[in-house]
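The sequence and the structure are shown first.

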Amino acid sequence: MDKYTDLIHQTFDFPTAEFTVEQNELLFNEIPLMELIKQYGTPLKLTYLPKISSQIQKAKRLFNEGMQKLDYQGTYTYCYCTKASHFSFVLEEALKNDIHIETSSGYDIKIIRSLYEKGKIDKNTFIVCNGFKHERYRKWISELINEGFVNCMPILDHLGEIEYYKEHVQEKTKLGIRLASDEEPKFEFYTSRLGVRYNDVIDLYEKQIKPDPKFELKMLHYFINTGIKDTSYYWSELSRFVHKYAEVKKVCPELDTIDIGGGFPIKTSIQADYDYKYMTEEILRTIKRICNEEGVPEPNIFTEFGIFTVGESGATIYSVLDEKLQNDKELWYMIDGSFITNLPDAWALNQRWPLLAVNHWNKEYRKIQIGGMTCDSQDYYNSEMHSFQVFLPKVPKGETLYIGFFHTGAYQEQLSGYGGIKHCLIPSPQHILIDRDENGKLKHWQFAPEQSSDSMMKILGYQA
């Protein structure tokens with residue numbers, strides 16, 4: 001029977017730039033995973049910090065080369081949206097690359113202040129403040145503006161939001177408006193709950209922004225939940241948005257920027273399946289063409305990349321604890337973790353990531369289901385992006401199989417919560433950070449240990 005290594009080589013163009021195998025053990029970005037497992041154990045979360053910087057530089061290069069090729073007259077600015085991962089090590093790595101920040105809630109402003117106090121950002125850094133804003137969020141935005149953060153920019157999400165800034169902001173303020181896009185045709189409702197209706201934008205500018213000398217409308221914000229995709233839906237919504245930009249630009253000379261939210265996707269399979277260069281150039285062509293038709297200058301472009309920034313830096317490693325044959329054909333590998341608690345998108349959205357065995361590549365493979373440790377029937381993983389099945393090596397008697405889910409660096413802790421209380425009291429796994437020193441040599445250290453039972457008992461009120 002074919003070995004696991006044969007299956008992978010027959011299915012994919014393998015090895016890849018980030019996945020290689022040496023002595024039947026997997027390397028991820030040249031990281032020998034078995035060495036980490038031997039030192040730290042499983043379950044294990046890891047973040048490879050250099051990948052964050054390389055993703056940022058990749059997007060910057062794509063847009064700058066596309067602008068040069070198409071003679072696009074605007075500038076390009078990269079923003080990281082903190083909601084993808086709020087961890088300090090993510091922000092500090094990202095900020096090494098001359099980027100700016102997008103926020104989505106009030107407590108994000110506390111992160112902004114911490115970064116400023118550490119000298120990671122300054123008062124010229126763009127802080128694009130998105131989201132529906134309750135009073136605390138508006139208050140902290142206003143305080144930043146009044147303290148001289150000259151590029152702290154509230155993105156108005158509904159018609160009444162500006163009233164708070166009229167009352168509480170004393171300094172000249174740059175504003176943006178988020179436009180309420182139409183959702184995908186298969187979505188449960190037609191128009192996004194977030195943003196200002198297209199028909200209300202001109203009126204909001206003429207009556208609320210233009211008459212007040214404190215305010216300057218600089219940006220219109222475009223966001224599609226699905227992210228950037230080569231679909232008729234995406235191109236239709238982008239064209240509609242750019243036409244509205246041109247309409248507003250004709251009555252608002254200071255408007256000069258569009259913000260493209262919902263960024264590049266990441267690889268959900270081992271093989272690259274996304275033409276970033278084509279999509280970047282097509283976005284630029286669409287904007288340039290419509291602006292030329294409308295007789296307005298091409299806008300500066302901001303992008304907000306969250307998943308693209310941090311997603312491919314992460315991996316989650318498990319041990320197979322045991323196997324269970326539940327009927328004539330359904331074989332289960334039971335892991336030392338949970339999808340519901342560790343990788344909630346797998347449970348909630350049927351999200352799939354690259355899945356590979358870490359060891360035993362020279363063993364025969366078999367079709368399996370993967371089961372998590374909770375008592376919930378939904379705690380499983382049984383299909384791949386390229387297949388309706390999962391295949392992994394047979395577990396040799398007396399030995400342990402380790403498996404890795406890759407590109408899991410975005411949103412999973414934000415959705416499941418870090419620490420705290422989780423389903424069936426499954427603890428948060430330990431988290432390891434990996435970097436390279438000035439000579440390119442790998443170094444790694446523990447960011448946080450596995451969550452303790454004492455911390456849970458305290459939260460639940462059983463211990464003082």
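## Cavities

In this predicted model, a search of the whole structure identifies three cavities of 30 Å³ or more. The volume of the largest cavity is about 80 Å³. Its lining comprises 15 residues, and those nearest the centre are Thr47, Thr408, Gly409, Glu413 and His431. Two or more lining residues come from each of strand E4 (44–48), helix H4 (88–94) and strand E13 (314–325). The greatest contribution to the lining of the largest cavity is that of E4, with three residues. By class, this lining consists of six nonpolar, seven polar and two charged residues. Because domain 1 (4–49 + 313–460) and domain 2 (72–304) both supply lining residues, the largest cavity lies between them.

The second largest cavity has a volume of about 60 Å³. Residues Lys45, Thr341, Asn342, Glu413, Ser416, Gly417, Tyr418, Lys422, Ser428 and Pro429 form its lining. The elements that contribute two or more of these residues are helix H12 (339–342) and helix H14 (412–416). Two nonpolar, five polar and three charged residues make up the lining of the second largest cavity. Glu413 is among the residues nearest the centre of the largest cavity and is also part of the lining of the second largest cavity.

## Thr408 at the largest cavity

Thr408, one of the residues nearest the centre of the largest cavity, is located in the loop between strand E19 (402–406) and H14. Is Thr408 buried or exposed? Its relative accessible area is 3%, which is under the 20% limit, and Thr408 is therefore buried. When neighbours within four places in sequence are left aside, Thr408 is in contact with Gly311, Gly314, Ala315, Thr316, Leu343 and Trp353.

## Domains and their contact

The domain assignment divides the protein into domain 1 (4–49 + 313–460) and domain 2 (72–304). The centres of domain 1 and domain 2, taken over C-alpha atoms, are separated by 35 Å. The contact involves 26 residues from domain 1 and 14 residues from domain 2.

Between them, domain 1 and domain 2 bury about 1700 Å², with 64% of this area on carbon and sulfur atoms. Which three residues supply more than any other three of the area that domain 1 buries against domain 2? They are Leu49, Tyr411 and Gln414, which together supply 28% of that area.

## The second largest pocket

The second largest pocket has a volume of about 160 Å³. It is lined by 14 residues, with Leu7, Ile8, Glu384, His386 and Phe391 nearest its centre. Helix H1 (4–11), strand E15 (355–357) and strand E18 (390–393) each provide at least two residues of this lining. H1 provides the largest share, four residues. The lining of the second largest pocket contains nine nonpolar residues, four polar residues and one charged residue.

## Phe149

Phe149 is situated in the loop between helix H6 (135–146) and strand E8 (152–156). With a relative accessible area of 2%, Phe149 is buried. Not counting residues up to four places away in sequence, Phe149 touches Tyr116, Asp122, Lys123 and Leu144. From Phe149 to Ser181 the separation is 32 residues in sequence and 29 Å in space, C-alpha to C-alpha.

## Backbone geometry

Phe14 and Pro15 are joined by a cis peptide bond with omega of about 5 degrees. Pro15 belongs to the loop between H1 and strand E1 (19–22). A cis peptide bond also joins Thr42 and Pro43, with omega of about -5 degrees. Pro43 is placed in the loop between helix H2 (33–40) and E4, the strand that gives the most to the lining of the largest cavity.

Asp71, although not a glycine, has a positive phi of about 55 degrees. This residue is in the loop between helix H3 (49–70) and strand E5 (76–81). Leu425, likewise a residue other than glycine, has a positive phi near 55 degrees. Leu425 occupies the loop between H14 and strand E20 (430–436). With a relative accessible area of 38%, Leu425 is partly exposed.

Notes
Residues numbered from 1 in each chain as written. Predicted model: local features only at pLDDT ≥ 70, side-chain atom pairs only at ≥ 80, totals over all residues. Heavy atoms only, no water. 1 Å grid on protein atoms, 1.4 Å probe; cavity = no way out; pocket = protein on both sides within 12 Å on 5 of 7 lines; lining within 4 Å. Points joined across faces, edges and corners; volume = space filled by probe spheres on them. Nonpolar A, V, L, I, M, F, W, Y, C, P; charged D, E, K, R; others polar. Domains from an automatic or database assignment. Buried < 20%, exposed > 50% of the residue type's maximum accessible area, 1.4 Å probe, protein only. Contact = heavy atoms within 4.5 Å. Buried area = accessible area lost by both parts, 1.4 Å probe.
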